[in-house]
Amino acid sequence: MKTSKLPSIKKADFKKIRNDFPLIVNTLVRGKKLIYLNNAATTQKPQVVIDAINNYYEKENSNANRGADYLSEQLTIKCEQTRQKIKLYLNARFTEEIVFTRGTTEAINLVAYSWGFYNLKKGDEIIISEMEHHSNIVPWHIISRLTGAKIRKLAIENDGTIKLDNLKKLLNKNTKLVTIVHVSNVLGTVNNIREICDLAHEQGAYVLTDGAQSSGHMKIDLQELGSDFFTISGHKVYGPTGIGALYIKKEMFDQIHPFHGGGHMIKKVTIEDSNYKDVPDMLEAGTMPLAEIVGLSSALDYVTDIDMENITKWEMELGAYAYDVIRKVRGIKIYGPSLDKKTAIFSFTHDEIHPHDIATVLDYEGIAIRAGHHCTQPLMNRFGIQATARVSLSFYNTKEEIDRFGVALEKAVSFFKK
Ligand code: PMP
């Protein structure tokens, strides 16, 4: 990804910032210092987030929206402040455009059931790119079976990018939704959401953007991107698991129906019938993951404080360093576009050694990477492979860690080639 020329905070500060992550600095794996290079799976949590969750259970635990008592009122305010923080973090226009979900998977399922199920019919088309995570494919298969809407594949190029001309060829008056990941969890490709939205909107189609891998690593400006739906995952933005958010553009509200039925989302219930509040309350039935909302709030403060432009800049510097280290190892093939079109996620295969074997040997050295299909089987099929090994970086990683990883990778290759 191209980064701006803004003055970065000193690199030394990132060394200091690393100390905020107890698991990163304290963990030994078989006597060796942990090197955590699996940040696309989930990020580690800074102490402030861990403290916020502890503090919640020690001092704040109650149920939001459920009473006139002090604790409940305070918690309700805190949840709504978190919604406001997410709105600012994503530069959405209105706070009510933000719905709490358990994460990206639930957010996409919400769009599928609350919008797709009610608004799609036989003859309609949903365009899905070949680089989607299963969580942005399978819900659409379910909806396609329920409604008769057809799935159309947006093929990707050999370098792991999307050619807008291919999208143009697929778009037509029957296209109702284009659903595309912002940053690929395998290739790191940053898709051009602004242009995708322009093309889709010209045809009257809506755009869902899976922001699971972008929102922790680059500045998100929804007013600039133009997506109608956008998702984030708390656990990939240094917050807890079990919490995330879905952005729904206000203009879509009248097409949205309830997701789960239950407490809080209703205006009136009789035995025979019920009617519902507006978005977002309509989509937040039952007790929400409150400790997790409080943890996410603290995570967003933490990341905002470091400043996302600084994070992107430093991660891309680490990424360039890692790319050189991986590329030099004999027999390795790296998938995805050039560094200016991606984030610091590197998927690779070796011409003789299985990715799982590479990951296992690295684990003996205390190095955590991911190997597998990464919940992207169509993408694996596209490249004619079963799996890749994947290194994904965060701002708390260091060049020294990447060097140690490089030595271990060389060792793994020579071990299996003996
Ligand atoms: N989409 C992408 C691109 C992802 O990387 C992931 C997580 N691996 C998901 C969706 C699922 O997100 P969550 O864990 O929040 O459900």
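Is Arg-83 buried or exposed? Arg-83 is buried, with a relative accessible area of 4%. Here buried means under 20% relative accessible area, exposed means over 50%, and partly exposed lies in between (1.4 Å probe, protein chains only).

The model is predicted: local features need pLDDT of at least 70, side-chain atom pairs count only at pLDDT 80 or more, and totals for chains, interfaces and linings use all residues. Residues are numbered from 1 along each chain as its sequence is written, and side-chain values use heavy atoms, with hydrogens and water left out.

The domain assignment gives domain 1 (11–45 + 307–416) and domain 2 (50–304). The bounds come from an automatic or database domain assignment. The two centres, taken over C-alpha atoms, are separated by 28 Å. In the contact between them, 40 residues of domain 1 meet 37 residues of domain 2; contact means heavy atoms within 4.5 Å. The size of an interface is often given as the accessible area lost when the parts come together. For domain 1 and domain 2 the buried area is about 3000 Å². Carbon and sulfur atoms give 58% of this area. The value is the accessible area (1.4 Å probe) that two parts lose on being put together, summed over both. One salt bridge is counted between domain 1 and domain 2.

Side chains of opposite charge can pair when their charged atoms come close. The structure holds 23 salt bridges, each defined as a side-chain nitrogen of Lys or Arg within 4 Å of a carboxyl oxygen of Asp or Glu. In one of them, Arg-30 and Asp-363 meet at 2.5 Å, N to O. Arg-30 lies in the loop between β1 (28–29) and β2 (32–33), and Asp-363 in helix α12, so the pair ties together parts that are 333 residues apart in sequence. Asp-363 is partly exposed, at 34% relative accessible area. The side chains of Glu-130 and Arg-382 also form a salt bridge (3.8 Å, N to O).

Helix α4 (residues 70–90) holds both Glu-80 and Arg-83. They stand three residues apart, about one turn of the helix. Their side chains form a salt bridge at 2.8 Å, N to O. Glu-80 is partly exposed, at 35%, whereas Arg-83 is buried. A salt bridge also links Lys-85 with Asp-301, the closest N and O atoms being 2.9 Å apart. Lys-85 lies in helix α4 and Asp-301 in helix α10 (residues 290–306), so this pair ties together parts that are 216 residues apart in sequence. Both partners are partly exposed: Lys-85 has a relative accessible area of 26%, and Asp-301 one of 41%. Salt bridges with shared partners join Lys-32, Glu-365 and Lys-411 into one network.

An open sheet of four strands has the order β13-β14-β17-β16, with antiparallel pairing. Strands pair if DSSP finds at least two bridges between them. Helices (H or I, at least four residues) and strands (E, at least two) are DSSP runs, numbered from the N terminus. β13 (332–335) and β16 (370–372) stand at the edges with a single partner strand each, so one side of each is left without a neighbour in the sheet. Neighbouring strands are turned by 30 degrees against each other on average, direction ignored. Three bridges join β16 to the antiparallel strand β17 (residues 388–392). Arg-370 has Arg-390 in β17 as its bridge partner.

Conventions. Axes fitted to C-alpha atoms, helices over the stretch in contact; angles between N-to-C directions.
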